[in-house]
Amino acid sequence: MFETWEELEASIIGCKKCKLCNNRNNIVFGTGNKNARIMFIGEGPGADEDKEGIPFVGKAGKLMNMAFDGIGINREEVYIANIVKCRPPSNRNPEDDEAAICLDYLRNQVRLVKPKIIVLLGSVALKNILGKEYGITATRGKWIEKKGILYMPTWHPAALLRDDSKKIEFWQDLKQVVKRDREF
């Protein structure tokens, strides 16, 4: 475990621990307030994120930003990261071994941020953080507490692009997050 952001970020530069490094343009480490009360975790970078080196800047990220704006979440005040730091080919889900390798980086990010709330964006984030026994459809919108952190599983913004009906549930979940954050 790394004690500072500088040490952690230096440890990932040039990472070649899995095959995802073979086609990446940029490692997509994370962005936002490093002392945030709320942290968002997605599955992995897409093409736009790989190009810019910043999570959630593509179509799904723009949709997420619109939801943030509408509900009063300042993107600069939260921390956003992914399960894997390099883009999986063709935007496929990260394979178990790829996720397992990157999880130490993510755990260290969580340890340094010390969030009160973590929003798990989609099934990949849910299963890798809380366990394979969880399903996003059954768990979405329900608070889960573990080790002093409140988790809110919700739809990944990319799922909203494929199914408009999920936008209302995503919005409701974010409203719960904002309400709970105000209680801290």
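1. Two strands are taken to pair if DSSP finds at least two bridges between them. Helices (H or I, at least four residues) and strands (E, at least two) are DSSP runs, numbered from the N terminus. By that rule strand 2 (residues 38-42) pairs with strand 4 in the parallel sense, over 4 bridges. Met39 is the residue standing opposite Ile118 of strand 4.

2. A note on the source. This is a predicted model, in which local features need pLDDT of at least 70 and side-chain atom pairs count only at pLDDT 80 or more, while totals for chains, interfaces and linings use all residues. Residues are numbered from 1 along each chain as its sequence is written, and side-chain values use heavy atoms, with hydrogens and water left out.

3. Strand 4 also runs parallel to strand 6 (residues 149-154), and 5 bridges join the two. Here the bridge partner of Leu120 is Pro153 in strand 6.

4. How many residues of strand 4 (residues 117-121) are buried? Buried means under 20% relative accessible area, exposed over 50%, and partly exposed in between (1.4 Å probe, protein chains only). The count is 5 of the 5, so strand 4 is largely enclosed by the rest of the structure. Both of its faces are covered: Ile118 and Leu120 are buried on one side, and Ile117, Val119 and Leu121 on the other.

5. A nonpolar core is a set of buried Ala, Val, Leu, Ile, Met, Phe, Trp, Tyr and Cys residues joined through side-chain atoms within 4.5 Å. The largest one has 57 residues, and those with the most contacts inside it are Phe40, Ile41 and Ile83. Helix 4 gives the most to this core, with 8 residues. In soluble globular proteins, nonpolar side chains tend to be buried together.

6. Contact means heavy atoms within 4.5 Å. Leaving aside neighbours within four places in sequence, Ile41 is in contact with residues including Ile83, Leu106, Val110 and Ile129. Its contacts also include Ile118, Val119, Leu120 and Leu121.

7. In helix 1 (residues 5-12) the residues Trp5, Leu8 and Ile12 are buried. They cover an arc of only 70° around the axis, which puts them on the same side of helix 1; the arc is that of the directions from the helix axis to the C-beta atoms. The buried residues of helix 1 pack against strand 3 (79-82) and helix 4 (96-113). Gly14, with a positive phi near 75°, follows helix 1.

8. Rings of Phe, Tyr and Trp (its six-membered ring) pair if their centres lie within 6.5 Å; planes under 30 degrees apart count as stacked, over 60 as edge-to-face and the rest as tilted. The count comes to 3 aromatic pairs. Trp5 and Phe29 form an edge-to-face pair, 6.2 Å centre to centre with 85° between the planes. Trp5 lies in helix 1 and Phe29 in the loop between helix 1 and strand 1 (31-32), so the pair ties together parts that are 24 residues apart in sequence. Trp5, Phe29 and Tyr79 form one aromatic cluster. Trp5 is buried at a relative accessible area of 11%, and Phe29 is buried at 9%.

9. The rings of Phe40 and Phe68 have their centres 5.0 Å apart and their planes at 50°, so this pair is tilted. Phe40 lies in strand 2 and Phe68 in helix 3 (residues 59-71), so the pair ties together parts that are 28 residues apart in sequence.
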